[in-house]
Amino acid sequence: MPLQTQFYRKTLETLTVYRELVVIMVPIAVATQALTELGVIKAVAPWLAPAMGLFGLPPSWRWPG
């Protein structure tokens, strides 16, 4: 198999994986930012504190700024 064909196939594979990641990550990032701006994250933080402890995370975290 020629090197150019291998390069083409791997590039298509890489772009396919990239697209899948973007389709998942961008809506989650937008939703998270919207919830933060609306104050929903601060409102539910006290209820999520026990679950955060299960993962070894601090119960509350403040955004810088």
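Predicted model: local features only at pLDDT ≥ 70, side-chain atom pairs only at ≥ 80, totals over all residues.
Helix H2 is followed by glycine 56, a residue with a positive phi near 75°.

A bend of about 60° occurs in H2 at proline 46. Proline 46 itself has its place in helix H2, and its relative accessible area of 57% makes this residue exposed. The C-alpha atom of proline 46 is separated by 52 Å from that of glutamine 6, and the two residues are 40 residues apart along the chain.

Helix H1 runs over residues 3-38. Just after H1 comes glycine 39, which takes a positive phi of about 85°.

One salt bridge is found in a search of the whole structure. It joins the side chains of glutamate 13 and lysine 10, with an N to O distance of 3.9 Å. Side chains of opposite charge can pair when their charged atoms come close. Both residues belong to helix H1; because they are three residues apart there, about one helical turn separates glutamate 13 and lysine 10. An α-helix has 3.6 residues a turn, so residues three or four places apart point the same way. As to accessibility, glutamate 13 is partly exposed at 47%, whereas lysine 10 counts as exposed at 52%, since the cut-off for exposed is over 50%.

A nonpolar patch lies on the surface, formed by Val17, Leu21, Val23, Ile24, Met25 and Ile28. Together these residues have about 580 Å² of accessible area.

Which residues does leucine 35 contact, leaving aside its neighbours within four places in sequence? They are Val40 and Ile41. Leucine 35 has its place in helix H1, while isoleucine 41 is found in helix H2. Seen from isoleucine 41, with neighbours within four places in sequence again set aside, the contacts are Leu35 and Thr36. Leucine 35 is partly exposed at 36% relative accessible area, and isoleucine 41 counts as partly exposed at 34%.

Distances along the chain complete the description of these two residues. Leucine 35 and glutamate 20 are 15 residues apart along the chain, and their C-alpha atoms are separated by 23 Å. For isoleucine 41 and leucine 54, which are 13 residues apart, the C-alpha separation is 19 Å.

The relative accessible areas of the residues discussed are gathered below.

| Residue | Relative accessible area | Class |
|---|---|---|
| Lysine 10 | 52% | exposed |
| Glutamate 13 | 47% | partly exposed |
| Leucine 35 | 36% | partly exposed |
| Isoleucine 41 | 34% | partly exposed |
| Proline 46 | 57% | exposed |

Note on methods
Residues numbered from 1 in each chain as written. Heavy atoms only, no water. Bend = angle between axes of the 7 residues up to and from the residue. Helix = DSSP H or I, 4+ residues; strand = E, 2+ residues; numbered from the N terminus. Expected span 1.5 Å × (residues − 1). Patch = residues over 30% accessible without salt bridge, like charges linked within 9 Å, V, L, I, M, F, W, Y side chains within 5 Å. Areas by Shrake-Rupley, 256 points an atom, 1.4 Å probe, with all protein chains shown as cover. Salt bridge = Lys/Arg side-chain N within 4 Å of Asp/Glu carboxyl O. Buried < 20%, exposed > 50% of the residue type's maximum accessible area, 1.4 Å probe, protein only. Contact = heavy atoms within 4.5 Å.
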